[in-house]
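Colleague: I have a structure open and would like to go through it with you. Can we take it piece by piece?

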Amino acid sequence: MLDARNHQGKFGEDYIRVLASAAGLLVYTPDLDYDGIDLGLRWPGRVGPAASPAIDVQVKSWSTPHKSSGAWRFDGLNESQFNKLAGQAYTVPRYLFLVIVPESADTYAEILTDGMLLRYQGFYVSLRDEPVIRAPSRERRRVVHVPIGNVLTSGTLRALMHPGLALHRGGR
């Protein structure tokens, strides 16, 4: 059985995989997590003028969340990890996906008579407009504010890849 840290992290990534599957998207995993990316999401085929739009994501799970002024105050990135998401140099958009999970792994999922419930919820933020940290350290943390309104759904996953994509395939 997985230790608690790896179990929580795997659940966070699988939560994103379930949403992507519901959205009809492809999910790929980089060969190594060398570049700060856990998952890539791709729209199969063309949507309007875009061919196979994609995003890259770093997935973090969090069982002890803290709110501050309408945002999650996440301090789980060190400066090196932050820099792999920040700035405008990336050709494929990058996002931090934050999955809030229960403290007890026994309550991650529940089978109900009409389906399965995954706890709790995922959120997203782009760090594209954040300046890259000069001389980053793996020892120092960088707080990131993830807006509580940025809830991950199948529709928002599609919309993150290209403006207007959420309008296709039912908009959910």
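Colleague: Which are the buried residues of H3?

Modeller: They are Ser154, Gly155, Leu157, Arg158, Leu160 and Met161. Buried means under 20% relative accessible area, exposed means over 50%, and partly exposed is in between (1.4 Å probe, protein chains only). Before we go on: this is a predicted model, where local features need pLDDT of at least 70 and side-chain atom pairs count only at pLDDT 80 or more, while totals for chains, interfaces and linings use all residues. Residues are numbered from 1 along each chain as its sequence is written, and side-chain values use heavy atoms, with hydrogens and water left out.

Colleague: Where is H3, and what do its buried residues pack against?

Modeller: Helix H3 covers residues 154–161, and six of its eight residues are buried. Those buried residues pack against H1, strand S2 (39–42), S5, S8 and S11. Helices (H or I, at least four residues) and strands (E, at least two) are DSSP runs, numbered from the N terminus.

Colleague: What is Leu19 in contact with, apart from its neighbours within four places in sequence?

Modeller: Leu19 is in contact with Leu152, Thr153, Ser154 and Leu157. Contact means heavy atoms within 4.5 Å. Leu19 belongs to helix H1 (residues 4–23), and Ser154 and Leu157 are among the buried residues of H3.

Colleague: How far apart are the C-alpha atoms of Leu19 and Thr153?

Modeller: They are separated by 6.5 Å, although the two residues are 134 residues apart along the chain. Leu19 has a relative accessible area of 16%, so it counts as buried.

Colleague: Back to S11. Is it enclosed or open?

Modeller: Strand S11 (residues 121–125) has four of its five residues buried, so it is largely enclosed by the rest of the structure.

Colleague: How many bridges join S8 to S11?

Modeller: Five bridges join strand S8 (residues 94–100) to S11, and the two run antiparallel. Two strands pair if DSSP finds at least two bridges between them. In this pairing, Leu96 stands opposite Val125 in S11.

Colleague: What holds paired strands together in general?

Modeller: Strands of a sheet pair through backbone hydrogen bonds, either parallel or antiparallel.

Colleague: In what order do the three strands of the open sheet come?

Modeller: The order is S6-S7-S12, with antiparallel pairing. Strand S6 (67–68) and strand S12 (141–147) stand at the edges, each with a single partner strand, so one side of each is left without a neighbour in the sheet.

Colleague: How many bridges join S6 to S7?

Modeller: Two bridges join S6 to strand S7 (residues 71–78). Ser68 stands opposite Ala71 in S7.

Colleague: New topic, the backbone. Which peptide bond is cis, with omega near -10°?

Modeller: That is the bond from Arg119 to Tyr120. Tyr120 sits in the loop between strand S10 (115–118) and S11.

Colleague: What about Ser52: what is its phi?

Modeller: Ser52 has a positive phi of about 50°, although it is not a glycine. Ser52 is in the loop between strand S4 (50–51) and strand S5 (54–62). With a relative accessible area of 28%, Ser52 is partly exposed.

Colleague: And Ala135, is it buried or exposed?

Modeller: Ala135 is exposed, at 64% relative accessibility. Ala135 also has a positive phi of about 50° without being a glycine, and its place is in the loop between S11 and S12.

Colleague: Where is Asn83 found?

Modeller: Asn83 is in helix H2 (residues 79–83). Its relative accessible area is 12%, so it is buried. Leaving aside neighbours within four places in sequence, Asn83 is in contact with Tyr90, Val132, Ile133 and Pro136.

Colleague: Now the whole chain. How many helices and strands are there?

Modeller: The protein chain has three helices and 12 strands. Its radius of gyration is 16 Å, close to the 16 Å that the globule rule gives for 172 residues, so it is as compact as a globular protein of that length. That radius is taken over C-alpha atoms, and the rule is 2.2 Å times the number of residues to the power 0.38.

Colleague: How much of the chain is buried?

Modeller: Buried residues make up 41% of the 172 residues.
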